[in-house]
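Student: I would like to learn how to read helix packing and chain contacts. Can we work through a case together?

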Amino acid sequence: MRAVIALPFVWLGVFFLLPFALVMAIALGTNAPDSVPPVALGFSPKSFALLFTDDLYLAAWLTSLRIAATSTVVTLLLGYPMAYAIARAVPRRRPLLLMLVILPFWTSFLIRVYAWMGLLADNGLLEQFLRWSGIAQNPPTIIGTEWAIHLGIVYAYLPFMVLPLYATLEKLDASLLEAAADLGARPFAAFLTITLPLSLPGIVAGCQLVFIPAVGEFVIPDLLGGTETLMIGKVLWDEFFTNGDWPLASAVAICLLVLLVGPISLFQRQQARSLEPRT
Amino acid sequence: MIRCARFAFTMLGLGYAFLYLPLALVMFYSFNESRLVTVWGGFSTKWWSALFANEAMLRAAWLSLRIAAVSATIAAIIGLAAGYALARTPSFFGRGLFGSMIIAPMVMPEVVMGISMLLLFVGAERLFGGPERGFLTITLAHATFSISFVAIVVQARLADFDRSLEEAAMDLGATPWVTFLTVTLPLIAPAVGSGWLLAFTLSLDDLILTQFVAGAQSQTLPMRVYSSVRLGVDPQINVLATVVVTVAACALILSGWLTRQKA
């Protein structure tokens, strides 16, 4: 048993945990463009300071959080009724309905984002459709705007929202709703007082699965967004690959980790512990 | 209740339309004669022959497939051990940390994991002079990322597992190791199989992690696709999308079939 634990423990320790110590070390170094790798080790908070004082980076943080938050809400509003419908469907049909939600997740993320490029492009299929159907004669170009980024995130992460929601809604005891109805609750009141609170764990899980990766998203803002929309994942990428500023990119990574993943995993452990039987 | 349900089912239909319409259009336009992806120029399979004659693309696809197969196999073995440890040992030193390390890769923004893995490999290169960045480093990175997914699938399967079968084997004198190989493993094999498939697809699709840890020489399929679509819509990518969606559908059906194989 000890070997069974040790193998994944050591693997993740070496390939997952240890690297973060290195990221921290590099983040405290300074940029040295002439050496390979382009870093001078040291103990300088310069990169972190820059992240929190420079308007560009502050704006990138705020934009990322804002776009991720609104996209998460839209994904929830679309995903909740979908999960609800699947959970209420005839049990025999549920696997197929669920599979239809999962399938896009198994196709390429990159290709699904790409699919929107042709749709949203200047004079693209969506514009042609809007003109043809007479909805709008001069539709605005969507690609390159924040609208396109929102759309991309909702589209790409919808399965991550539906699955945890379905998992909680499916387990919901139907007799609770019947009891509420017997006691005179209207269906909507029963939904608000019973279904919604009981599905809260699913809502929290789904929102986390969408929000966290969306904040650090790179592909969607890069392919669908414009140059003026800065998101922090793209900043990290550009600092690293375009500007070759490893310390700054590392500092961004540490901040994403400390400000985003840290609090949420603590919260998750708290949740898990409150569900576990006390020992 | 009826109105609630009707609304939900309407949304479900719209949701499916939203999920599938863009993919359907891409697949449809892979048979477009015109180079312009927004104009229908008649039926043609020329982009299909162009893609399958595209040497660089095929080489990238072959590299991706090899990386996916190897990394999924590593992830399946280590993920199996991790899932087993999580499901069967309620407490051991560092279990909290262990649990977090299993969950973290699934929620971490990929750019963060990308930069950290790269720095690890750069560090290793300085200390030990290797490994050279390429096939090996990409495979290691993908395996690390996929372990979590396999572990979760295996753990879920072990959670609703009839332990009396294992106990019976032990009572009859089987050692723990023999019990695992002859009783436990065959019963959870479908979960390991679908975990492997999941790891395989994740690896095949990964761009960000790969871009960080790949050297100058190796180019995987997503890297190739990315560098092509950055310049705009490309009919050959539509063909590739059609292939990918078809293969993914088959893989999913296979995986669904595997998980539904009740012992």
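Predicted model: local features only at pLDDT ≥ 70, side-chain atom pairs only at ≥ 80, totals over all residues.

Student: What does the angle make of α7(A) and α10(A), roughly parallel or roughly antiparallel?

Tutor: Angles over 145 degrees count as roughly antiparallel. The two axes cross at roughly 160°, so α7(A) is roughly antiparallel to α10(A). The crossing of α7(A) past α10(A) is right-handed.

Student: Which residues make the contact?

Tutor: From α7(A), they include I153(A), Y157(A), F160(A) and L169(A). From α10(A), they include P201(A), G202(A), L209(A) and A214(A). By class, the contact residues are 14 nonpolar, 3 polar and no charged.

Student: L169(A) is in that contact. Where does T195(A) lie relative to L169(A)?

Tutor: They are 26 residues apart in sequence, yet 7.7 Å apart in space, C-alpha to C-alpha. T195(A) sits in helix α9 (residues 187-198) of chain A.

Student: Is T195(A) buried or exposed?

Tutor: Count C-beta neighbours inside 10 Å. T195(A) has 20, so T195(A) counts as buried.

Student: Now the chain interface. How is its size expressed?

Tutor: Often as the accessible area lost when the parts come together. Here, take residue contacts: 66 residues of chain B are in contact with 77 residues of chain A.

Student: Which element gives the largest share of the chain B side?

Tutor: α1(B), with 16 residues. By class, the side of chain B that touches chain A has 55 nonpolar, 10 polar and 1 charged residues.

Note on methods: Residues numbered from 1 in each chain as written. Chains lettered and ligands numbered in written order. Contact = placed C-beta atoms within 7 Å. Helix = DSSP H or I, 4+ residues; strand = E, 2+ residues; numbered from the N terminus. Nonpolar A, V, L, I, M, F, W, Y, C, P; charged D, E, K, R; others polar. Buried ≥ 20, exposed ≤ 12 C-beta atoms within 10 Å, placed from the backbone. Axes fitted to C-alpha atoms, helices over the stretch in contact; angles between N-to-C directions. Parallel < 35°, antiparallel > 145°, perpendicular 65-115°, else oblique. Left-handed = near helix turned anticlockwise from the far one by under 90°.
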